[in-house]
Amino acid sequence: MLGRMGDPFRVRITVRGYELDTQGHLNQAVYLQYGEHARWECLRAAGISQDRLITSGVGPVALEVTVRYLSELRGGDEVDVSCEFRWGERKTFHIDQNYTRPDGTQVATLTGVAGLLDLSARRLVPDPRERFRQLATDPGPLSL
């Protein structure tokens, strides 16, 4: 879902009981899964499905991910996970993600460096921004 014009793309997720650790809060690895889910939903909102990527011979790759935990999530809690692409001039790009409760309380942040892999050559494409622009039917969610 999109927020107001100019706001980053975001999805709302409800924490499920099986995602909790022994302390009763969201397992740290699940934050990574929520981040990835939001990124795929952002791509989908831009008109880029996994099949479309594979057919075009490319796929996104995570090169670096940092999660900062600020407040716990417990079973039944809802969290909005944003996804904002920041494009540079090289083979990589940055992704910033914020995890917030519906009341606006920030729960965690995820920052990452990613690239777009040429599936045949097994190398990063030289201009991922342009490749995503070509693939997208709606470039807005990707900040293109």
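Reply: A residue is called buried when its relative accessible area is under 20%, and exposed when that area is over 50%. The model is a predicted one.

Me: What percentage of the residues in the protein is buried?
Reply: The cut-off for a buried residue is a relative accessible area under 20%. Applied to the 144 residues of the protein, this gives a buried share of 37%.

Me: In what order do the elements of the protein run from the N terminus?
Reply: The secondary structure comes to three helices and six strands. Read from the N terminus on, the elements run β-α-α-β-β-β-β-β-α.

Me: What radius of gyration does the protein have, and what would a compact globule have?
Reply: Along the principal axes, the C-alpha atoms fill a box of roughly 45 × 35 × 25 Å. A compact globule with 144 residues would have a radius of gyration near 15 Å, and the value for the protein agrees with this, at 16 Å.

Me: Among contacts between residues at least 6 apart in sequence, what percentage joins residues at least 24 apart?
Reply: A contact requires heavy atoms within 4.5 Å. Among the contacts between residues at least 6 apart in sequence, the share that joins residues at least 24 apart is 64%.

Me: How far apart are the end C-alpha atoms of helix H1, and what span should its residues give?
Reply: Helix H1 covers residues 28–45, which is 18 residues. At 1.5 Å a residue, these should span 26 Å.

Me: Which residues of H1 are buried?
Reply: Being buried requires a relative accessible area under 20%. In H1 the residues that count as buried are Val 30, Tyr 31, Tyr 34, Gly 35, Ala 38, Arg 39, Glu 41, Cys 42 and Leu 43.

Me: Which residue forms a salt bridge with Asp 80, and how far apart in sequence are the parts that the pair ties together?
Reply: The side chains of Asp 80 and Arg 12 meet in a salt bridge, at 2.7 Å from N to O. Asp 80 lies in strand E3 (residues 78–87) and Arg 12 in strand E1 (residues 9–14), so the pair ties together parts of the chain that are 68 residues apart. Asp 80 counts as buried at 7% relative accessibility, whereas Arg 12 counts as partly exposed at 42%. The partner of Asp 80 is Arg 12, and the separation in sequence is 68 residues.

Me: Which residues are linked with Asp 80 in a network of salt bridges?
Reply: The structure holds eight salt bridges. Asp 80 belongs to a network of them, in which it is linked with Arg 12 and Glu 78.

Me: Is the pair of Asp 77 and Arg 101 buried or exposed?
Reply: Asp 77 and Arg 101 form a salt bridge, the closest N and O atoms being 3.2 Å apart. The pair links distant parts of the chain, with Asp 77 in the loop between strands E2 and E3 and Arg 101 in the loop between strands E4 and E5. Both Asp 77 and Arg 101 are buried.

Me: Which backbone oxygen lies 3.2 Å from a polar atom of the side chain of Gln 97?
Reply: Gln 97 has its place in strand E4, and at 1% relative accessibility Gln 97 counts as buried. Leaving aside neighbours within four places in sequence, Gln 97 is in contact with residues including Gly 35, Ala 38, Ser 82 and Cys 83. The backbone oxygen at 3.2 Å from the side chain of Gln 97 is that of Ser 82.

Definitions and conventions: Residues are numbered from 1 along each chain as its sequence is written. This is a predicted model: local features need pLDDT of at least 70, side-chain atom pairs count only at pLDDT 80 or more; totals for chains, interfaces and linings use all residues. Side-chain values use heavy atoms; hydrogens and water are left out. Helices (H or I, at least four residues) and strands (E, at least two) are DSSP runs, numbered from the N terminus. The expected span of a helix is 1.5 Å times one less than its number of residues. Buried means under 20% relative accessible area, exposed over 50%, partly exposed in between (1.4 Å probe, protein chains only). A salt bridge is a side-chain nitrogen of Lys or Arg within 4 Å of a carboxyl oxygen of Asp or Glu. The radius of gyration is taken over C-alpha atoms; the globule rule is 2.2 Å times the number of residues to the power 0.38. A polar contact is a pair of N or O atoms within 3.5 Å; within protein, one must be able to donate a hydrogen and the other to accept it, and residues adjacent in sequence count only if both atoms are side-chain atoms.
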